[in-house]
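Q: Hi! Could you walk me through this one? I'm new to reading structures.

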Amino acid sequence: MNAKELSYGILRATGIMLGIILLLYFLYEIQSVLVYIAIAGVISLIGRPVVIFLKQKLKIPNQLAVILVLLLVLSFFTGVVFVFVPIVIEQSQHLGQIDMEAFRTDLNDLNTQINTYLGVEEINIIEGLKQSEFVRNFDITAIPKFLNNVFGILGAALIAIFSIIFISFFLLKDSKLMINSILVFANQGNEGKFQRVFNKIKILLSRYFVGLTMQVSVLFILYTILLSVFEIRNPIAIAFICATLNLVPYLGPLFAGILIALFVISSNLGADFTVIILPRLMYVMLGYGICQLIDNFISQPMIFGASVRSHPLEIFLIILIAGLLFGITGMVVAVPFYTALKVIAKESLSEYKIVKRLTRDL
């Protein structure tokens, strides 16, 4: 190799590295747009079966079917807003009417009863809060900044909703839009392979996200019934939050259980801990455990087994690894990302034994 070829190789490698860095920087700068596209893609995967049903069974034109599906999505989010906004307003009004002395007395009474029941040394909750670093370092001037941030978040949320709905409309309207965009990256003659991989991934992920929607819906209904039976305030809102938390594998149900326990205690603040709070808490958590058993033995096997065609142990290990590497976000996207990788591996690396083993059910 002469000096000219060596220089050309170095320049070429430098150019490639620079191009990769610029591409990564560009993707970082437009990450919000990528998130909009990803969410719109999920909506299109969930809504596609409904659009097909409306077109084939009810003979509704494609564009009208897409509009109806998006109206259904908007109605859902509007319903969520109408559930939560009155609760926020109600709680804001209650905050101004709270008798802080009575609240402090109830909180310390609860603390005393718990300490007595558990046989531990008494700890004053109010004094502990006063000594916390957050309370001691609280700056009143941060309130205007907080309000500005709130309005900024609301404006960004409106832009996000419009963008997601706009992108979802075209993804649902033209089922080939995404595949045509991907095919531009395929080499001449490999279009068929790209199309097979894309269609398989789309079918599996569509089943997976529809299954997740059904799982959250079932949990929402079960939690609402449970909280309503025990007369916990705002059962619909709490049930929705806790059901949504279950989208985070393994950790989500744990956080949801803690949240429900806190709401049970707060709803009965001032009552006797041994006679009222503890028995009610035990009954509610027993009901919550039954809901989780229904989810673990009925809902999840249906989703992971029938949709993504993966063994439960395989899924557990993938979620665990993704959680260690990328945190909560990794746990949420682990299953769909792994499913897509399996389909690509089966199409491109089927000669390897481990690939055959992992993709035998696809």
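A: Happy to! Keep in mind that this is a predicted model. Let's start in helix 7 (residues 142-173), where Phe162 and Phe166 sit 4 residues apart, about one turn of the helix.

Q: Why does one turn matter?

A: An α-helix has 3.6 residues a turn, so residues three or four places apart point the same way.

Q: How many aromatic pairs does the structure hold?

A: There are 8 aromatic pairs. Phe162 and Phe166 make a stacked pair, because their ring centres are 6.0 Å apart and their planes meet at 25°, under the 30 degrees cut-off for stacking. These two also belong to one aromatic cluster with Phe169 and Phe170.

Q: Is Phe162 buried or exposed?

A: Phe162 is exposed, at 58% relative accessible area. Phe166 counts as partly exposed, at 47%.

Q: What about Phe220 and Phe240, how are their rings arranged?

A: They pair edge-to-face, with 6.5 Å from centre to centre and 80° between the planes. Phe220 lies in helix 9 (residues 191-229) and Phe240 in helix 10 (residues 235-245), so this pair ties together parts that are 20 residues apart in sequence. Phe220 is partly exposed at 26%, and Phe240 is partly exposed at 23%.

Q: New topic: which residues are buried in helix 11?

A: Gly252, Pro253, Ala256, Gly257, Ile260, Ala261 and Val264. Helix 11 itself covers residues 251-267 and reaches 24 Å between its end C-alpha atoms, close to the 24 Å expected.

Q: And where does UniProt place the transmembrane regions?

A: Its unreviewed entry lists several, including residues 9-28 and 34-54. In the model, residues 9-28 are 100% helix, and residues 34-54 are 100% helix as well.

Terms used: Residues numbered from 1 in each chain as written. Predicted model: local features only at pLDDT ≥ 70, side-chain atom pairs only at ≥ 80, totals over all residues. Heavy atoms only, no water. Helix = DSSP H or I, 4+ residues; strand = E, 2+ residues; numbered from the N terminus. Expected span 1.5 Å × (residues − 1). Buried < 20%, exposed > 50% of the residue type's maximum accessible area, 1.4 Å probe, protein only. UniProt positions renumbered as here; feature names shortened; annotations may be inferred. Phe/Tyr/Trp six-rings, centres within 6.5 Å; stacked < 30°, edge-to-face > 60°.
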